[in-house]
Amino acid sequence: MLDWADGLLRSFINPYYYGVLVTIGINIILALSLNLVTGFTGQLHLGHAAFMAIGAYTAGLLATKAGTGFWAAVLAAGLMAAVAGVIVGLPTLRLRGDYLAIATLGFGEIVRITLLNLDITGGPFGLRGIPRQTNLPIVILAVIFTFLVLRSLVNSRMGRALIAIREDEVAAQTMGIDTTRLKVTSFTVAAFFAGIAGALFAYWFRYLNPSSFGFMVSIELLAMVVFGGLGNLLGSVVGASVMTYLPELLRTVAPAIAERRLVFYGALLVIIMILRPNGLLGTSSEQGWLEIWLARRRSRSPATTSAASGQVPPASTGGAGHGPA
Amino acid sequence: MALLEVKGLTMEFGGLRAVDNVDFVVHEGEILSIIGPNGAGKTTVFNILTGIYHPTAGEVVFRGQRLNDLKPHQITALGIARTFQNIRLFREMTVWENVVVGAHTRLKSGFFSSIFKGPATRREERAARERAYRHLEFVGLKGLETVKARQLPYGAQRRLEIARALAAEPKLLLLDEPAAGMNAGETEELMNLIRKLKEQNITVLLIEHDMRMVMDISERIVVLDHGRKIAEGTPEEVRRHEAVIAAYLGASARAGG
């Protein structure tokens with residue numbers, strides 16, 4: 001089924017764009033998962049590439065040294081990264097703001113340098129001989145799976161608690177939210193998906209080198225999330241797509257800019273921060289004012305003025321007929 | 001019956017003794033106010049009761065259980081909820097979502113049911129949202145459910161804080177200067193609201209600077225000054241208490257009465 005879909009896609013997408021699309025898909029999974037931690041839970045995380053690296057090397061080693069099958073290796077990559085997420089998250093997520101950023105940055109470097117110095121990973125020579133088993137249909141499925149799981153998660157009791165932590169951690173605690181536990185959970189889920197993205201990466205490029213998972217990769221992922229909109233899942237899809245494709249486009253149109261893409265990213269982020277501080281797809285306050293105006297008009301119907309009506313659980317459910325969003 | 005017992009409560013920050021050997025009891029069903037000049041340690045007491053601070057010495061017992069070493073979320077689960085002096089809403093969330101977050105400890109859905117929403121989870125979500133709408137109607141915010149919290153006017157934000165705290169289904173509700181910044185009319189509505197809470201069998205512990213409101217609504221008052229309890233009693237007793245007059249007006253005011 002997947003092979004058939006792959007054949008179909010390959011019949012009308014040229015190999016170059018096919019490769020670009022696979023890369024975009026992998027970056028979407030990474031950006032979505034980073035958004036859960038940074039956009040929804042509000043924890044600045046500068047080491048996401050490390051989880052990707054753990055997933056990539058887990059899958060790569062299983063494939064080359066143990067002969068594990070593709071799906072089992074992908075799942076193992078996700079789980080391995082999730083375990084790393086718990087181990088790193090437990091101590092670091094007690095830190096706040098700048099301290100957390102520095103701790104996650106340090107974690108990212110530790111992982112990269114460890115991979116560089118281990119024998120089993122091939123050190124600076126990298127890991128070779130991974131079969132190419134990632135294809136576009138698989139990546140598309142993985143993107144859809146990630147998106148649906150995360151969308152469901154952020155629109156739930158747990159997701160609300162994560163957003164509450166972002167908005168005001170002390171108030172969230174006081175409302176009965178176990179903030180440490182939920183932050184670690186959010187970190188672990190994000191690590192799991194980053195691990196899966198790493199495995200897909202390994203099975204696509206067939207060669208792994210620690211330099212593919214450096215600090216700048218984490219920063220690029222963060223730039224995608226901020227560009228698309230913190231706390232907006234669709235924004236991460238758009239952000240990852242644009243910021244993956246744009247350098248490719250510029251490479252042919254304006255190679256001079258493509259070589260300096262990091263400068264270009266910086267400029268792009270500054271412009272976004274000025275024009276749309278909540279990201280490309282983030283809400284703007286104008287829309288908000290429209291909402292409040294509409295809500296006031298709606299409530300201007302008679303007998304809704306104040307608390308005059310009584311009991312905590314009164315019989316009427318009032319405006320509750322909207323149902324869950 | 002004692003709902004909450006505070007015994008020998010002391011809180012030190014370095015060399016500063018913010019709360020100094022304070023005792024008081026909150027009886028079930030009453031409205032008890034804590035008053036005192038700025039810096040008397042009132043909010044510090046609230047922060048200890050809700051587990052944000054752990055006391056240096058002394059004991060807090062709520063319905064027979066010691067709270068000293070519990071975390072804030074555990075204390076909320078036991079039945080204490082609060083509002084904040086400087087409003088701390090989840091500003092980018094909608095009004096109804098703020099209230100549902102308040103009900104966090106009363107909802108069950110865990111990690112996997114949050115992702116794979118089965119019928120039970122969907123039912124729980126719908127019921128939680130309906131309850132939130134009722135709490136909002138109760139505090140007078142009907143019609144503003146889907147607006148973001150930051151867009152509410154100041155007085156409405158204070159009421160939303162109360163609705164959010166009520167969603168936790170507390171036995172004891174701590175209100176930290178709920179009338180701050182309100183005009184006379186708004187304060188009047190707030191007092192009606194607090195009286196209705198009492199009818200709902202919710203015990204209220206109130207910090208407030210608006211003396212008209214405190215004297216009107218409280219059944220008993222505890223007075224703190226420089227971290228110490230200097231008086232306790234009915235509004236009438238406290239109003240005439242020498243130490244209280246001295247703390248508020250300065251010692252020389254005693255002569256003039």
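Trainee: What domains does the assignment give for chain B?
Mentor: Domain 1 of chain B is 1-79 + 170-257 and domain 2 of chain B is 91-167; the bounds come from an automatic or database domain assignment. This is a predicted model, where local features need pLDDT of at least 70, side-chain atom pairs count only at pLDDT 80 or more, and totals for chains, interfaces and linings use all residues. Residues are numbered from 1 along each chain as its sequence is written, while chains are lettered from A and ligands numbered from 1 in the order in which they are written.

Trainee: How far apart are the C-alpha centres of domain 1 and domain 2 of chain B?
Mentor: They lie 27 Å apart. The contact takes 9 residues from domain 1 of chain B and 7 residues from domain 2 of chain B, counting residues whose C-beta atoms, placed from the backbone, lie within 7 Å.

Trainee: Which helices each supply at least two residues on the domain 1 side?
Mentor: Helix 2 (72-78) and helix 7 of chain B. Helices here are DSSP runs (H or I, at least four residues) and strands are too (E, at least two), numbered from the N terminus.

Trainee: OK, helix 7 of chain B. Which of its residues are buried?
Mentor: T187(B), L190(B), I194(B) and L197(B). Buried means 20 or more other C-beta atoms within 10 Å of the residue's own, exposed means 12 or fewer, and partly exposed is in between, with C-beta atoms placed from the backbone.

Trainee: Switching to chain A: how many residues of helix 10 are buried?
Mentor: 11 of the 14, so helix 10 of chain A is largely enclosed by the rest of the structure. Its cover includes helix 2 (15-40) and helix 5 (97-117) of chain A. After helix 10 of chain A comes G229(A), with a positive phi near 130°.

Trainee: Last one: what does the pLDDT of chain B average?
Mentor: 92, and 97% of the residues of chain B score at least 70; pLDDT is the predictor's confidence in each residue, from 0 to 100. The model scores ipTM 0.91 and pTM 0.87.

Key:
Two residues are in contact if their C-beta atoms, placed from the backbone, lie within 7 Å.
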